[in-house]
Amino acid sequence: MGKHLMKGNEAVIYGALLGGATHYFGYPITPASEIAHAAANLFPRCGKHFLQAECEVSSISMLYGAAAAGARVITGSSGPGLSLMAEGLSYLSGSELPCVVVDVQRAGPGLGYIWPEQADYNFIVHGAGHGSHSGVVLAPNSAQEMCDFTYKAFELAERYRCTVFVLSDAYIGQIMEPVDLPRQIQSNPHKDWALYGDAESRHNLLSSIYLKMEELEGHNQHLQDKYRRMAEEIVDFEEFETADADYLFVAYGITSRICHSAQQLLRNKGIKVGMLRPKTLFPFPDVRLRELAGQLKKIIVAELSNGQMVRDVRLAVEGRVPVDLYNWMGGRIPSTEEIVHRLEAETGGL
Amino acid sequence: MLAGVKPSCFFMENKEMHTIKHQKARSLYPTFERKAPGAEVSHYCPGCGHGTVHNLIAEAIDDLGIQDRVVFCSPVGCSVFAYYYFDVGNIQCAHGRAPAVASAIRRTHDDAIVISYQGDGDLAGIGMSQIVHAANRGENITVFFINNAIYGMTGGQMAPTTILNQKTVTTPSGRHAANEGFPIGISEIINSLHAPVFVERVSLATAPKVMKARMAIRKALRNQVDKKGFSLVEILSPCPVNWKMTAVESRRWLEENLEPVFPVGNLRDLAKGPFDRVDRKKAGRVSDRKILEILGVDEKEVHTSSIHLKEEQNVKIAGFGGQGVLSTGILLANCAIAEGLQTTWLPSYGAEMRGGTANASVNISHEAIGSPIVSFPNVLMAMNLPSLDAFEDTVRPGGCILVNSSMVPRQVRRTDVAAYHIPATDMANNIGSPQIANVILLTVYALVSGAITLETLQKVIPLSIKRKNLVNINMKAIEAGIAWLEENRK
Ligand SMILES: Cc1ncc(C[n+]2csc(CCOP(=O)(O)OP(=O)(O)O)c2C)c(N)n1
Ligand code: SF4
């Protein structure tokens, strides 16, 4: 089977179509626009639906409508667009409608610029929009994973009736790599809760309103139970040389690629560094981090923000090991060497 | 009748009222279980227009025989609970977004009849963008717009349709144009667009007017059944509670004050929509096999050889935007894939691409590639002077620098790298196109690095260029590169 050289952003659309997506609604924004371009090109040719909405408020509302109608729906955007989607994301969670939302993070706040950052972490991972709600957050770090994670996102979204975020960044969106495409197209199953405009589904109601306190509390509890179930069932991460590690890098997305290179260089220099890369940020691999904490001298969280994931790592290890933050903002990306030198300096070489 | 709306009291003095059916429409629930077990009374205030409109819509649904097909999008506003009453598919939407939600539902099911029911705060305030764009796309949906010139649910604040001098809790001395602007005519705005097929403004002030509203509502739904396109009915409707009037007073006030500002009547009734809609069912399904073919899932691999890299290649290709720097990187990455190697390509992008310098980072390796960022390349291809100036010092000792010397008036200063000064643009012009200068550089790179073979380059180029008449000239560029290296190799 041939591998296809494609951008991470394009790979999203290949993963989506093979994952059974039926509808794409979106609004252009750099550095996520190639997702919409690929969708505009490929969705109609594959007999699926593409529409450029007038704004992200509308595109997420269209996801809400089409998901309610039983479609497999996806959109792609970046920070400023995600801010506008907050309302719809909250409604989607409240009405428990499945959808897939790709965030190709750029540098902020405000208009910021189109360079990579990982500063939407708090917003996406800890509930985008009002109310106590979340969604699964997948964190790809290659074009291959942009395809694979989007591919599996639809099934997850339907299993939990929730939003599945694919949280990437400008570099993972723009990078071109060989991608091995999934060979099977997933089908979109019939949902007994959806609105098909027919006699069978006529009695269905999709709403997030609960007028009685105890009912609304019950609904909230039900959502939280679902999130707890996710933590048990789908938490996913990747480890490198943790068995004897004194130091542990924790990073996701583009930063995990750089840290992994640094980790290997440091090992070559005899420094016992391991690495843990969360593939799911929600649920977060906190149990595994807590397990590892006992053997470590230090955890280093590397991220392109003011330090957002680092708080989840600190919560996870419950003070059992010091947790340091290496961070960059504004779009600057560290070189492998910068990270190597910094840890080397701290450890005094060994 | 929708119980509890007190339509009987509302129409008490209008004997004509009795022409409207007394029996409850089938598409309304007999009792409102979603409100409360056994509930027979609605949540609307006495004299409110919402209940009347609900009845008219339900009757029309019954008469058109479309109950099973209807999906009712309720807004945020007093009618947020429309799903208590309508025995049809129901979805509750965020404030103002119902037209976007309805559009998407309609674009999912060709045979669904989708209703967007909205108040004036919902449609003309927060949701102005959604309604205008849904109308402009000519979505095949039906919109019922309840204009009561006030925010009902939240306690009587100003709406975009509040008339001048009308007192509300947020315009306690009346609406003044100088501060709050003028009341918005939604029907007129929608009528300024090309796509809608039906726009009518009606009033609930008197029984004869209600009969007209009934006809308009019916027409707007029938249009959707006939797949004609976008229909909107604006209904001037009383909100006695927030207008601080009795039911009877409110209808008089409506007729005397709202109707002059919002003239009732039909603004548009097209026999046919302005474009043929795409019927997705007829457009036909694309088979899974065809989709796999379109996505190239079964495409064969171009070529696999077993190259042995001396070391991982960290290549930086830099030049002016428009010199084909990014596409050269893609060509190199495609060759690496054809060689069965791992590769990554990362562009510089953004403002600097417009006119300034652009660069691409390409890694080629036997192993999975960690960081795709090339901070310290072992190969630099500099297509212009600013690129050589910017990146010369970053090249790792022992690496190599290939310079397009036609564009770079100086020599490489570093002595710890292999330098090749190739007049690539001049050579390319001699062959017939400046575009192929990059291929000449790539050829020399292939030969000196051994990272890709010339056979692979020759096989991949035809696959990656769109204009097939350029294949020949590219092959000549490869020959030129080979010849240059033979002559200049010391
Ligand atoms: C984003 C958001 N902002 C504000 C509100 C509060 N709100 C609820 S209903 C409403 C106004 C509804 O007025 P209208 O659309 O005229 O409907 P009516 O109640 O008069 O039928 C407002 C502002 C909300 N629910 N959501
Ligand atoms: S507040 Fe006004 S619009 Fe709302 S139910 Fe009462 S009368 Fe009707």
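# Worked exercises on a predicted model

A:Pro109 sits in the loop that links strand E5 (99-107) with strand E6 (113-116) of chain A. Helices and strands here are DSSP runs (helices H or I, at least four residues; strands E, at least two), numbered from the N terminus. Residues are numbered from 1 along each chain as its sequence is written, while chains are lettered from A and ligands numbered from 1 in the order in which they are written. The model is predicted, so local features need pLDDT of at least 70, side-chain atom pairs count only at pLDDT 80 or more, and totals for chains, interfaces and linings use all residues; side-chain values use heavy atoms, with hydrogens and water left out.

## Exercise 1: Backbone

Find out whether the peptide bond from A:Gly108 to A:Pro109 is cis or trans.

*Step 1.* Read omega: its value is near 0 degrees, and the bond is cis.

*Step 2.* Go to the bond from A:Thr30 to A:Pro31. This bond is also cis, with omega near 5 degrees. A:Pro31 belongs to the loop between strand E2 (23-26) and helix H2 (33-45) of chain A.

*Step 3.* Now check phi. A:Arg161 is not a glycine, yet its phi is positive, about 45 degrees. Its place is the loop between helix H6 (143-160) and strand E8 (163-169) of chain A.

*Step 4.* Repeat in chain B. B:Lys244 has a positive phi near 60 degrees. This residue is in the loop between helix H9 (240-243) and helix H10 (247-261) of chain B.

*Step 5.* Compare with the general rule. Most residues other than glycine have a negative phi, and most peptide bonds are trans.

## Exercise 2: Ligand 1

Name the residues that come nearest to ligand 1.

*Step 1.* List the residues around the ligand (a heavy atom within 4 Å). There are 16, and B:His50, B:Cys78, B:Asp120, B:Asp122 and B:Gly152 come nearest.

*Step 2.* Look for polar contacts (pairs of N or O atoms within 3.5 Å; within protein, one must be able to donate a hydrogen and the other to accept it, and residues adjacent in sequence count only if both atoms are side-chain atoms). The side chain of B:His50 has an N or O atom 2.8 Å from a ligand 1 oxygen. The backbone of B:Gly152 also reaches a ligand oxygen at 2.8 Å. For the backbone of B:Met153, the distance is 2.9 Å.

*Step 3.* Trace the shell. Helix H4 (residues 120-126) of chain B gives the largest share, four residues.

## Exercise 3: Domains of chain A

*Step 1.* Domain 1 is 3-233 and domain 2 is 237-347.

Conventions:
Domains from an automatic or database assignment.
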